[in-house]
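Please keep the sequence and the model in view while reading.

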Amino acid sequence: MSADTPAFGGSEPASAAAAVGTRPRLSAAGRVAALAVTAGIIGQLLFVGASIGVNFPLAILTALGAAVLARRREARFDHADWWLPASAVALASFAALRGDPVLVFLDVVASLCLMTASLAAIAGHRVTRRLLPGLAELAGRVLRSTLVSGGYVAADAAIALRPGDGTRQRLAGARPILRGLLIALPMVIVFTALFASADAVFARIVGDLFRVDADLGELPGRVAVACAIAWVAAGALAFVAEDVPRADPVVGDRYRVLGSTEAVVVLIAVNAVFTVFVVLQAAYLFGGLDTLSASGQTYAEYARRGFFELLAVAALAGGLILIGEAIIRRRTRPYVGGAIGLMVLTAVVLASAFLRLRIYQDAYGWTELRFYVLASIGWLAICLVMAIVALWLDRSRWLVHGLVMAAVAVALVINLVGPVRFVATQNLERAFNPALVPADGWSGLDAAYAGTLGDDAVPLLAEALPQLPTVIRGYLEDQLASRRADLARSEANTWQAWNLGREQAKAALDR
């Protein structure tokens, strides 16, 4: 199949396939259609009327299992790609363990991306070993198939399921039986109604046999959700079943438009700016020189701001190196030296951002946003080390792969720590032990913010209530009572929505 032909599109007529005695494309279409319909039915059962919980990892496992069933027999899974489905399932599992809405959202997005990459790997594509241009091209093909190939699957499946002459003859023999059943049906209904009216036991048995507890009011919505999921599943599975792996495209010379001299000039200019900033940081932030006379701010005021901007600077510096590696014509020693120098200076900038964030947290406590900023600093620090090694060894073409793997590792650590639980623990310790707070810091508990934390924080807050001041305790009690009412909603109490953090919050509130 050519690169521009959608999966299951443009197949030969049924008569041509029958002439040679085989119908491989139609067989694949039927298999994919059956799997897609099954996925749609399972999807609406898992998600309609249920919050995110154990249903999400079950959905990811279902998608991966369907891809394995739909793949071509000759497809070979590259052993370097095993981390993709493993990471997708691991991150999806935390959606059933953590009661933190922000973290669950990030886990859902990350696991969906990893699952998509896993589908390409199951189809036989080498994902981890593929360079960045090839990854972008492969992602585009998967997305295109997912969105549009459901129609091709439906059309080819309809052709595959069209009855032949033998089937028509068997159906013709069954027509008298069908006509007899249609004639008998109204008589059976009448007699059954009369017997039920005459005998209570018969009426109860008939009632038990034909009672349907399904809420027909949900039927249109469930059908719509099932169809939407089936369409997407059909397109994705069509890619797995029919797409033929091809060579990984590489960056041609036409993309390498930057000369080494221009690149060195850019790095010298940027490094000069970074050097001035680093010297000032060494003198005023790390060295403790008088900031009041230099900036009109006390040291505390000077050090408690700017970490967001410095984080953006570090990210942009890394992006500059990635772009430079992609478009430079020839890597010279001055260029490599300038690039490594920029990464070293960026490490100092990152250290400045970390120190500023720590001083700010010491003064005002923790929030989820500050936790994620700290995690981002940790990830960027790992990326800087990878970038320096890749530049030195001329392996920068694999740098994006390392950054993604580092991001997955950091995400797993974040899930194991639990941002909401960590933030609640730290802030309660500050409230109970003012010695942990600097002299010019704030030592109370922000009850308004604490009440907005996710379910992972509820057991800690409920346990701490008796030790809190009366005003804060009363406010938190109102917040927790409102949370208990939210947890009593039907969407949070179905088996599909089971979530460990949510169940622990319910138990704590019941106590």
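Tryptophan 82 is exposed, at 55% relative accessibility (buried means under 20% relative accessible area, exposed over 50%, partly exposed in between, with a 1.4 Å probe and protein chains only). Its partner in an aromatic pair is phenylalanine 77, which is partly exposed, with a relative accessible area of 21%.

This is a predicted model, in which local features need pLDDT of at least 70 and side-chain atom pairs count only at pLDDT 80 or more, while totals for chains, interfaces and linings use all residues. Residues are numbered from 1 along each chain as its sequence is written, and side-chain values use heavy atoms, with hydrogens and water left out.

**Aromatic pairs**

The structure holds 5 aromatic pairs. Rings of Phe, Tyr and Trp (its six-membered ring) pair if their centres lie within 6.5 Å; planes under 30 degrees apart count as stacked, over 60 as edge-to-face and the rest as tilted. Two of the pairs are listed below.

| Pair | Centre to centre | Angle between planes | Class |
|---|---|---|---|
| Phenylalanine 77 and tryptophan 82 | 4.6 Å | 45° | tilted |
| Tyrosine 360 and tyrosine 364 | 4.9 Å | 55° | tilted |

Both tyrosine 360 and tyrosine 364 belong to helix 14 (residues 333-364), 4 residues apart, about one turn of the helix. Helices (H or I, at least four residues) are DSSP runs, numbered from the N terminus. Tyrosine 360 is partly exposed at 22%, and tyrosine 364 is partly exposed at 39%. Elsewhere, ring pairs join Trp366, Phe371, Tyr372 and Phe422 into a cluster.

**Helix 4 and helix 16**

The axes of helix 4 and helix 16 (residues 399-417) come within 11 Å and cross at roughly 25°; axes are lines fitted to C-alpha atoms over the stretch in contact, with angles from 0 to 180 degrees between N-to-C directions. The two helices are therefore roughly parallel to each other (angles under 35 degrees). Their crossing is left-handed, meaning that the near helix is turned anticlockwise from the far one by less than a right angle. Trp83, Ser87, Ala90 and Leu91 of helix 4 meet residues of helix 16 including Val404, Met405 and Val408.

**Confidence**

The protein chain averages a pLDDT (the predictor's confidence in each residue, from 0 to 100) of 79, and 77% of the residues score at least 70. Confidence is highest in helix 4 (residues 83-93), at a mean of 93, and lowest in helix 1 (residues 14-20), at 39. Over residues 9-26 the pLDDT is below 50. Where pLDDT is low, the predicted coordinates should not be read in detail.

Technical notes:
Contact means heavy atoms within 4.5 Å. Angles under 35 degrees count as roughly parallel, over 145 as roughly antiparallel, 65 to 115 as roughly perpendicular and the rest as oblique.
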